[in-house]
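Q: I would like to learn how to read salt bridges in a protein model. Can you take me through an example?

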Amino acid sequence: MSSLSAAALAQGNSSLVQAGMELISAYTLNDAQVASVAKQAVQQMDAKYPVAAANDPYTLRLNRIVARHKKVGNMPINYKVYKTADVNAFATADGSVRVFKGLMDLMTDNEVLAVIGHEIGHVANRDSRDAMKAALKRSAIRNVGASQSGVIGQISRSQLAGMTDYIVGASFSRKQETEADDYSYAFLKRNGYSVMALASSFEKLAQQGGSGGPAFLSSHPDSKARAQRIRDRARSEGIAR
């Protein structure tokens, strides 16, 4: 065997070992490690998207909206606004909440808070953690296959970038969405806000539907039906007529 062939074989074996270790790690990640991956992914997104400055009107408005909610349970929450026209928002396992300018333009303060409550609900219910672990597993499995075709290095370097795509477009099951709605409903009610803001936020999203609609709507389907469910619950509790 030539020295060139031996080197290539050694590199291939090393790549396969690396991919195998990634796969094992993905299956054994604990909550703190998932939060660490989420934090790194959000840092990349903060560098990618235009973040509103501390004295920007959008930042000042968001700070006012969430002034009473800098911590959820034992988790400190950090908030930022992305100054893009997308109608979107997300929360991650490390306590990062990002709200897009397009969503703030569309919604009232209480509606923005209702959406944030929903997104934090996915974190509190561990939906975000489980989905990120699943995404990391899929990426690691792809890397095992890629190592055998000699492209492991390229895919590994893009693995974290892939997590940023997952965060922006994360979608959950109908059951998980309902549970996150219930979390937001309870959050609003417990803190003295109108729960109807959750219903009206969904109704506004439903009105934005159709081709070219917001990314948030594509990952949060059935907005009209969910709004009606909130209204029905509020009526049954005597909160609304």
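Predicted model: local features only at pLDDT ≥ 70, side-chain atom pairs only at ≥ 80, totals over all residues.

Q: How many helices and strands does the protein chain have?
A: The protein chain has 12 helices and 5 strands. Of its 241 residues, 46% count as buried.

Q: How many salt bridges does a search of the whole structure find?
A: A salt bridge needs a side-chain nitrogen of Lys or Arg within 4 Å of a carboxyl oxygen of Asp or Glu. The search finds 16 of them. One is Lys-175 with Glu-179, at 2.6 Å from N to O.

Q: Where do Lys-175 and Glu-179 sit, and how are they separated?
A: Both are in helix α9 (residues 174-190), and because they are 4 residues apart, about one helical turn separates them. Lys-175 counts as exposed, at 57% relative accessibility, and Glu-179 as partly exposed, at 30%.

Q: Which salt bridge links distant parts of the chain?
A: Arg-233 pairs with Asp-182, with 3.3 Å between the closest N and O atoms. Arg-233 belongs to helix α12 (residues 223-236) and Asp-182 to helix α9, 51 residues apart. Arg-233 is partly exposed at 28% relative accessibility, and Asp-182 is partly exposed at 25%.

Q: Which residues are linked with Asp-182 and Arg-233 in a network of salt bridges?
A: The network also includes Lys-189, Arg-229 and Glu-237.

Q: What separates Asp-232 and Arg-235 in helix α12?
A: They are 3 residues apart, about one turn of the helix. Their side chains form a salt bridge at 3.2 Å, N to O. Asp-232 is partly exposed at 40% relative accessibility, and Arg-235 is partly exposed at 38%.

Key. Residues numbered from 1 in each chain as written. Heavy atoms only, no water. Helix = DSSP H or I, 4+ residues; strand = E, 2+ residues; numbered from the N terminus. Buried < 20%, exposed > 50% of the residue type's maximum accessible area, 1.4 Å probe, protein only.
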